[in-house]
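Please look through the sequence and the structure below before reading on. The paragraphs that follow walk through a few places in turn.

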Amino acid sequence: MATWRTGMGLIVGLEEKLPSGFVLTSVEKLAGYMRKNSLWPATFGLACCAIEMMAAGAGRYDLARFGMEVFRASPRQADLMIVAGRVSNKMAPVLRQIYDQMAAPKWVIAMGACASSGGMFNNYAIVQGVDHVVPVDIYLPGCPPRPEMLMDAILKLHEHIGDAKLGVNREKVIREVEAAALAAVPTHSLPVFGSSA
Amino acid sequence: MSHDPYASTRETTEGTVYSVTGGDWDSLVTEIGATKEERVVVNMGPQHPSTHGVLRLILELEGETVTETRCGIGYLHTGIEKNCEYRTWTQGVTFVTRMDYLAPLFNEAAYCLGVEKLLGITNDITERASVIRVLMMELNRISSHMVALGTGALELGALSPMIFAFRERELVLDIFEMVSGLRMNMAYIRPGGVAQDLPEGATAKIRATVKELRVNFKDNAKLLIGNTIWLKRTKDIGILDLAGCTTLGVTGPVLRATGMPWDLRKTQPYCGYENYDFDVITADTSDVYGRFLIRMNELEQSLRIIEQACDKLDVLEGQPVMVADKKIAWPSQLALGGDGLGNSLNHIREIMGTSMESLIHHFKLVTEGFRVPAGQVYSAVESPRGELGVHLISDGGTRPYRVHFREPSFNNLQSTAAMCEGSQIADIVGAVASIDPVMGGVDR
Amino acid sequence: MSQDKSLNSGAFGVSGTGDTSGYGGLVRNKVKPGSSERPFGSYFDDVTDELERAFPEFNDAIEKVIVDRDELTLHVKASHLFDTAKKLRDTETLRFEQCMGVSGAHYPEDKNRELHAVYHLLSMTHNRRIRIEVSIPDSNPHLPSLVEVWAGCNWNERETFDMFGIIFDGHPGLTRILMPDDWPGHPQRKDYPLGGIDVEYKGAVIPPPDERRKYQ
């Protein structure tokens, strides 16, 4: 959701012109199927999580079976940026530039506790969560998350991509998501687990 | 040039800066050719598949030859050293383990040896704890060298060694998971000993893994040693002789490749290393190929040490793995329960039901931590990259006053300029891979 | 021996949150190892003898010798640092070929000697280690650069400058190395905050580590 912009879509722009209905749904299904089965990740391994990401791509936990063994070095050719590791303040502008250089449609997985929220490093040097810099689709906790956890996150992202709506359906979904976010209770005001508040 | 917002030119005080993003190399070359500039400054990284992490290399090129190399680091600076000042001495282990993330146990061992030196309990560490530390460190050396070989080969274009190396690494990580619960960043070595004892059947599994590794290491060896292409990419590349190494403070395989047999495990032994029988591997070519051979041969030496450690552990069965002093020893006995690794029920029963003193010790040690007498200490271990030293300053409290790590990758990476200037761009990749820097350690 | 009541009174050092569970009467003594007298033991006597022999101004240069936990620390005056370092490297019997790096330390209570730079030296020929410590005031944080003596000090001095603000005169390019180039302040000084942010939980907000209640 976070990565959608106007004009993003198939070359033909077909889905922008279709009214909501059977044809649009079929186009969505086809586009989703194609996109999720050959999602190419960009190399953005920073620290310890990068090693687990490499292990996920290596022999035992094989990412190639999901069509993802080619970690594209150039962000121009990548669809998915797995931010694996702690993002320091010096690295943040680089992260944003790589994200901007990726072509839409693009997705971001924040892998690990440091990418999701700053992790154990709550200090001057680390960005407290890469969602301060790029919009994130999946947050994957762990320090570092096992390769199997990374694969689970990727598979959930695949489902998400496969079900993505296009055209007028997408605009409807965007509006609904925005309304829900505006009406949501802030986290620190939520009732504490199990309390009677 | 093009009208792409990401691939354009801009004028600066130093001259024109071109941004290239792929596919536009021809237009760049024509434009530079028109300016009659012989020298071009190229930026490699920090996001780059071949720079071994978030390392930025700033190269001044004359054609394909590099005339000047500078490293830009700091892209992974985490402020770990400052963070340790706000945590107890034992909590520091979890921070410190994430510096050099390929050799986490070495970070922990250096830090714990330093804390124990400050506490004055170096001689009270049980033999079983020291042997377990040696065992885990040598296993870590194997897994670290595997990543070094795998990623080094990948950067030079060889893709299979990476898969082989990670296969071996997974075998070692299985042992780590069995012993400590985690594959990486385990926080297993703690001041006073280790977090928990080896589980049942650990030594048998380790011996079986050693046998399997000995067979598996031959795959990589057959593929790369003596391989013409590999030799062409690594022989006489990245030369750094002994004088260069000593003045730059370079230690580890880079120093041993010059022929100097300096290994802290032999010269200034710690954790009982003087009781193990192993050789210090050197090479005399001072080049990338020599360092590669050293790493391959150190694997076999590590396997020897692991086998000897397993034999010792079988003899020392039943010994405690923490110091006897209850005011320092990490209190909880961990056990694997339905929801993961946590305090064992026996321990909970003891502290809640039987012994008030144990409860108090547990509480005070976990919340407040133990007090370390004031002073400063420097303790060093031989990590896979070189001398990993930690400088600890205590002011008598429960938290360190200053923790500073002398990381081998930080000092070794300085030698990139000495190794690479005058060579080709492709050689830089090989030279940096042979230094094997871990950017988490460089930037801390 | 220093007993600083203002910083250490009260076992829990709390201010503001009204934590009444501590024992307010406790005062903790901060004890630092004092100067050592000869004989120092093991190879330390040899090292100091050789240094004295090679370096006539030894007694002016060395402020204090501390032997603590089997390690020798020589406190050197900043003005004599460069010469001492050269002598340590070049004298045959000393031969400290490798400098392991510069470590900084900030002691805000030691007026006029706030910033310390600590050099760890290794002699591979004689298999020895010593430590050199220099103290300089915050008002004039200048030290001679030892890059000419040991080239490996280059990045370490840049890091110490970046983290503590110690300026090394004669360094070939003293710029920030770990923090971004335009970062204000020197992070590892004691007067620089840890810089964390509050962490949100359901129904609660936890302050960052340097603002929480802590034990002394």
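A polar contact is a pair of N or O atoms within 3.5 Å, and within protein one of the two must be able to donate a hydrogen and the other to accept it. With that in mind, and remembering that this is a predicted model, we can begin with B:Arg399, whose side chain reaches the backbone oxygen of B:Tyr86 at 3.3 Å. B:Arg399 lies in the loop that runs between strand S11 (386-394) and strand S12 (402-406) of chain B. Although B:Arg399 is buried, it has no salt bridge, and the nearest side chain of opposite charge, that of B:Glu368, is 7.9 Å away.

Side chains of opposite charge can pair when their charged atoms come close. In one of these pairs, B:Glu421 forms a salt bridge with B:Arg70, with the closest N and O atoms 3.3 Å apart. B:Glu421 belongs to the loop between helix H16 (416-420) and helix H17 (425-435) of chain B, while B:Arg70 sits in strand S5 (residues 65-72) of chain B, so the pair ties together parts that are 351 residues apart in sequence. B:Glu421 is partly exposed, with a relative accessible area of 33%, and B:Arg70 also counts as partly exposed, at 44% relative accessibility.

We can now turn to the place where two chains meet. How many residues does the contact take from chain A and from chain B? It takes 34 residues from chain A and 37 residues from chain B. The size of an interface is often given as the accessible area lost when the parts come together. Between chain A and chain B the buried area is about 3200 Å², and carbon and sulfur atoms give 60% of it. Between these two chains there are 4 salt bridges, together with 12 residue pairs in polar contact. On the side of chain A that touches chain B, helix H3 (48-57) and helix H4 (92-101) of chain A each supply at least two residues, and H3(A) gives the most, with 5 residues. The residues on that side of chain A divide into 21 nonpolar, 6 polar and 7 charged.

One of the salt bridges between the chains is formed by A:Arg60 and B:Asp174, with the closest N and O atoms 2.8 Å apart. A:Arg60 lies in the loop between H3 and strand S2 (80-84) of chain A, and B:Asp174 lies in helix H6 (residues 160-180) of chain B, so the pair joins two chains. The side chains of A:Arg146 and B:Glu177 likewise meet in a salt bridge, at 2.4 Å from N to O.

The backbone deserves a look as well. In chain A, a cis peptide bond joins A:Ala104 and A:Pro105, with omega about -5°, and A:Pro105 lies in the loop between H4 and strand S3 (107-111) of chain A. In chain C, phi of C:Asn112 is near 70°, a positive value in a residue other than glycine. C:Asn112 is found in the loop between strand S3 (98-106) and strand S4 (115-123) of chain C, and it counts as exposed, at 54% relative accessibility.

Definitions and conventions: Residues are numbered from 1 along each chain as its sequence is written. Chains are lettered from A and ligands numbered from 1 in the order in which they are written. This is a predicted model: local features need pLDDT of at least 70, side-chain atom pairs count only at pLDDT 80 or more; totals for chains, interfaces and linings use all residues. Side-chain values use heavy atoms; hydrogens and water are left out. Helices (H or I, at least four residues) and strands (E, at least two) are DSSP runs, numbered from the N terminus. Buried means under 20% relative accessible area, exposed over 50%, partly exposed in between (1.4 Å probe, protein chains only). Lys and Arg count as positive and Asp and Glu as negative; His and the chain ends are not counted. Contact means heavy atoms within 4.5 Å. Buried area is the accessible area (1.4 Å probe) that two parts lose on being put together, summed over both. Ala, Val, Leu, Ile, Met, Phe, Trp, Tyr, Cys and Pro count as nonpolar, Asp, Glu, Lys and Arg as charged, and the others, Gly among them, as polar.
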